[in-house]
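Please look at the sequence and the structure shown below. The paragraphs that follow lead from the overall fold to single residues.

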Amino acid sequence: MFAWILILSSWVAALSLILHDATKEDSDGSAISIAAKNFKAFIFWAILKARKLRGAPSYGTSPASVSKSPVKVMAAVKAISSSSIQHGGPSVIKLAPALPPRKKWWLRDHRVSVTIPELELAISETVEAAPGCEDFVGVIVRHQPPKSRPDPNWAVQGVKFGKADRKMVNEALAAVVERMQREYLLGND
């Protein structure tokens with residue numbers, strides 16, 4: 001049993017190190033530090049719940065904090081806001097700007113958003129650079145609803161071969177489209 005615990009703990013340590021390395025550049029901090037903060041908050045919440053269930057006084061129930069109950073604070077806020085409205089002055093209470101919803105690091109889409117003409121031009125220029133495809137004219141790209149989140153939202157609908165060899169263009173085009181579907185996403189315009 002002890003051997004299994006050692007094996008499991010070494011795997012958890014290796015996975016957490018990999019997860020930390022992959023997310024250390026994020027603006028919210030690494031996934032490990034975020035998980036540690038959430039775990040700390042969960043433990044604190046569990047301790048407070050346990051104290052309430054036992055009937056023990058929880059943190060912040062001293063006589064000084066009882067006087068600052070939410071009801072009294074709300075009454076003070078209403079009094080301040082109503083007095084500023086009566087005097088014609090600006091409201092004392094200012095709302096903080098709404099923060100954008102935080103995206104989870106595993107939901108981030110790192111593909112670049114482009115328009116259809118930009119994507120068609122990028123594909124055409126890349127295929128023209130391939131040997132034997134100098135006379136290639138272009139492609140027609142259309143929006144295609146993705147089946148799942150990581151799938152591309154576009155596909156090549158038509159190919160303008162020009163005087164280029166079709167077999168060489170198809171080989172080059174298949175490789176270019178596969179790579180660009182991982183890198184680019186059609187914008188909402």
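Which pattern does the protein follow when read along the sequence? The pattern is α-α-α-α-β-α-β-β-α-β, and the protein has 6 helices and 4 strands. Helices (H or I, at least four residues) and strands (E, at least two) are DSSP runs, numbered from the N terminus. The model is predicted: local features need pLDDT of at least 70, side-chain atom pairs count only at pLDDT 80 or more, and totals for chains, interfaces and linings use all residues. Residues are numbered from 1 along each chain as its sequence is written, and side-chain values use heavy atoms, with hydrogens and water left out.

Of the 189 residues of the protein, 16% count as buried. Here, buried means under 20% relative accessible area, exposed over 50%, and partly exposed in between (1.4 Å probe, protein chains only). The accessible surface of the protein, computed by the Shrake-Rupley method with a 1.4 Å probe, comes to about 14700 Å², of which 65% belongs to carbon and sulfur atoms.

Helix 6 comprises residues 166-183, which makes 18 residues. From first C-alpha to last it reaches 25 Å, close to the 26 Å expected at 1.5 Å a residue; the expected span is 1.5 Å times one less than the number of residues. Val-169, Ala-172, Leu-173, Val-176, Val-177 and Met-180 are buried in helix 6. Seen down the helix axis, these buried residues fall within an arc of 135°, so they line one face of helix 6; the arc is that of the directions from the helix axis to the C-beta atoms. In general, an α-helix has 3.6 residues a turn, so residues three or four places apart point the same way. On the other side of helix 6, Lys-167, Glu-171 and Arg-182 are exposed.

What covers the buried residues of helix 6? The cover includes helix 5 (116-128), strand 2 (138-143), strand 3 (154-160) and strand 4 (184-186). Within helix 5 lies Ser-124, which counts as buried because its relative accessibility is 8%. Leaving aside residues up to four places away in sequence, Ser-124 touches Phe-136, Val-137, Gly-138 and Val-139, a contact being heavy atoms within 4.5 Å.

Trp-4 belongs to helix 1 (residues 2-23) and counts as exposed, because its relative accessibility is 63%. Ser-33 lies in helix 2 (residues 31-54) and, at 27% relative accessibility, counts as partly exposed. Ser-33 and His-20 are 13 residues apart in sequence, and 8.3 Å separates them in space, C-alpha to C-alpha.
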